[in-house]
Amino acid sequence: MRTFFPSDSCKESQLNGFNPQSWLQVERGKLSKLSSHNSSSSSIESFIKVPEPRILPNYKPVDYVEVLAQIHEELELCPLQERSSLYLLQFQVFKGLGEAKLMRRSLRKAWQKASTVHEKLVFGAWLKYEKQGEELIADLLINCDKCLQEFGPIDIASHLQTDINVAGSHETVSMSGDQVLRNVVFRIHEEKIECDRQKFAALSAPFSAMLNGSFMESLCEDIDLSENNISPSGLRIISDFSVTGSLNGVTPNLLLEILIFANKFCCERLKDACDRKLASLVASREDAVELMGYAIEENSPVLAVSCLQVFLRELPDCLNDERVVEIFSHANRQHRSIMVGLASFSLYCLLSEVAMNLDPRSDKTVCFLERLLESAETDRQRLLAFHQLGCVRLLRKEYDEAEHLFEAAVNAGHIYSIAGLARLGYIKGHKLWAYEKLNSVISSVTPLGWMYQERSLYCEGDKRWEDLEKATALDPTLSYPYMYRASSLMTKQNVEAALAEINRILGFKLALECLELRFCFFLALEDYQAALCDVQAILTLSPDYRMFEGRVAASQLHMLVREHIDNWTIADCWLQLYDRWSSVDDIGSLSVIYQMLESDAPKGVLYFRQSLLLLRLNCPEAAMRSLQLARQHAASDHERLVYEGWILYDTSHCEEGLRKAEESIQMKRSFEAFFLKAYALADSSQDSSCSSTVVSLLEDALKCPSDRLRKGQCLKVLT
């Protein structure tokens, strides 16, 4: 997802001996070429070192198929109230696999199958958090009921019903003859409030016993309540409530006063009315912060959940508010039960996720993960909490605590946590022990790529190379083996082999760290045009990316590299784009478009092209950002409607995307509008007969003006 867990065990900085500015701020040709001068190899080696792979805070079972099958079977057999928790576990499995779409699907299922308002609230907020980009296009989704339900506030009071008998359930004890007193006067200091004795007695068992039982007050017409922290105004409202059963026009301060009084004297109907009335007044974070303490102290679930809803709807910003963090961090088991019912584990899963994305080393991340561990009820929940907290402790260099947590995770059945134990052993100087630890794992279970990758860290030479080859064979998506091999080849001045190695992974996985390493290679070779291409691709994917362990902004390096190449004209850029797009050089195409966007070229079309490339490269978040920019820079209304249609289509709102395409066609027949309509119709219709309509739409698209690159794509679809 969004979490970035840097490696702390990498002891050598990538910047040792390397200053990007001094490297670049020279005239071309003044630096020695790597291929011809050995004296530069030590400098090259110092800045292309590859950091060790991260210990990921994810649930990574040894057999994903077995675990997913088990979850599927449990979902078919379990009670309805357990389904959301199982979908959350499924989400964690897909997170370990890096499957963003499947993760989103599992979250949606957890939200749909929620059996309580607490689960509905947590998973709805999680979906909203995961879809933060969609908030920028909320006006496009305004007519989509699904989105309104997910993003809109929940009516908490209607979901939390009570079993209180509104007519009153406390029996009155009848008194004989003249002992029956119709009214009672409560005195608060100098003021007297006359109340209906039987109506007031019906508020609670304590008042019933006091006014109608064998207590002295049952024979009194005047009772002093001055020492019970209730004001005359508050007591008058309580008296009215005992008769009418409603609280109207009461100020928040008086409601709080009455709530405390009602809780003290077990006036359940009165307390419930105050709870709901106060809940209806929670409109802002300030309200929620102020009232959550009262809700927890007075055991007011409707108010507590209403405050929680405000906090969750403001994620992640509210976690920058120390008052909110304190509420979540210091909530004990009873407090959590009032605030979130039985969904405590789900809540702290969400809060931990958000906190790790903000700063995995922070105190609040630790606090949330500790609460997550306290909330865990099953072995699988506990192993996840142990492992995640162990990863955070490792980052904070709290090695002893991390070791205990990783051991607990392993004992709970999480084999991947052995990687954390091995890393800790290596840090403490027990390299051989770390190697043997991984060795025992590899020999006892079906080996996975990460096992060989981790073991390679604790051996040298041919053994390390051999382990990394095995890691790649078992899991080709692991970046570290390619990066290590490419870096080793480069330091041995085997330039061609080094570039071929890093290109192997960039051919199917556009990883920022791999682009950064190749950028360094090109920089060392003084191939500034190729270096510029990679840094521009990096900035397209992540405009705020920082290189060399976060010490240098990619935008700064881009500016420095640009000084060493000739600028292209717009005509040159279009020719370059055509050549690279035709040869399926997607990274090169991204770079050209990035450069064109800095010129006066029409930006809407360019951002749209950029989004198409990013989707092809499996970068959906960056693609959505480009689509939104295309919409923002559209040159006409019909063009804007096309981009809006693709935004809706790419966020699974096919029918709404189809309507946008039709609106655009009504304004102007265009290639892109027909192409969008064909795609949206193919996805939104289950009728097999619509295929002929789709073909007809694509043929209409080909009749409209467009460039050969886009028409070529259309022809491929038709054939």
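## Basis of the description

Two strands are taken to pair if DSSP finds at least two bridges between them. The model described here is predicted.

## Overall composition

The protein contains 39 helices and five strands. Of its 719 residues, 53% count as buried. The accessible surface of the protein amounts to about 32,800 Å², and carbon and sulfur atoms contribute 50% of that area.

Among the contacts in the protein with a separation of 6 or more, 62% are between residues 24 or more positions apart.

## The hairpin of E1 and E2

Strands E1 and E2 form a hairpin in which two residues lie between the strands. His189, located in the turn, has a positive phi of about 60 degrees. E1 covers residues 183-188 and runs antiparallel to E2, to which six bridges join it.

Arg187 stands opposite Lys192 in E2, and Phe186 stands opposite Ile193 in E2.

Strands of a sheet pair through backbone hydrogen bonds, in either a parallel or an antiparallel manner. In this sheet, E1 and E3 pair in the parallel sense over three bridges, whereas E1 and E2 run antiparallel. Val185 stands opposite Asp222 in E3.

## Packing of helices H25 and H26

Two packed helices are described by the angle between their axes and by the distance between the axes. Helix H25 (residues 461-474) and helix H26 (residues 479-491) pack at an angle of about 140 degrees, and their axes are 9 Å apart. Angles over 145 degrees count as roughly antiparallel and those from 65 to 115 as roughly perpendicular, so an angle between these ranges is oblique. H25 is therefore oblique to H26. The crossing in which H25 passes H26 is left-handed.

On the H25 side, the contact is made by Arg464, Trp465, Leu468, Glu469, Ala471 and Thr472. On the H26 side, the contributing residues are Tyr480, Pro481, Tyr482, Tyr484, Arg485, Ser488 and Leu489.

Met339 is found in helix H17, which comprises residues 333-340. Residues under 20% relative accessible area are classed as buried; Met339 has a value of 0% and is therefore buried.

Leaving aside residues up to four places away in sequence, Met339 touches His118, Met292, Ala304, Val305, Leu308, Ile327, Phe328, Ala331, Leu347 and Tyr348. Of these, Val305 lies 34 residues from Met339 along the chain, and the C-alpha atoms of the two residues are separated by 5.4 Å.

Note on methods: Residues are numbered from 1 along each chain as its sequence is written. This is a predicted model: local features need pLDDT of at least 70, side-chain atom pairs count only at pLDDT 80 or more; totals for chains, interfaces and linings use all residues. Side-chain values use heavy atoms; hydrogens and water are left out. Helices (H or I, at least four residues) and strands (E, at least two) are DSSP runs, numbered from the N terminus. Buried means under 20% relative accessible area, exposed over 50%, partly exposed in between (1.4 Å probe, protein chains only). Contact means heavy atoms within 4.5 Å. Accessible areas come from the Shrake-Rupley method with a 1.4 Å probe; for residues, only the protein chains shown count as cover. Axes are lines fitted to C-alpha atoms, for helices over the stretch in contact, and angles run from 0 to 180 degrees between N-to-C directions. Angles under 35 degrees count as roughly parallel, over 145 as roughly antiparallel, 65 to 115 as roughly perpendicular and the rest as oblique. A crossing is left-handed if the near helix is turned anticlockwise from the far one by less than a right angle, and right-handed if clockwise.
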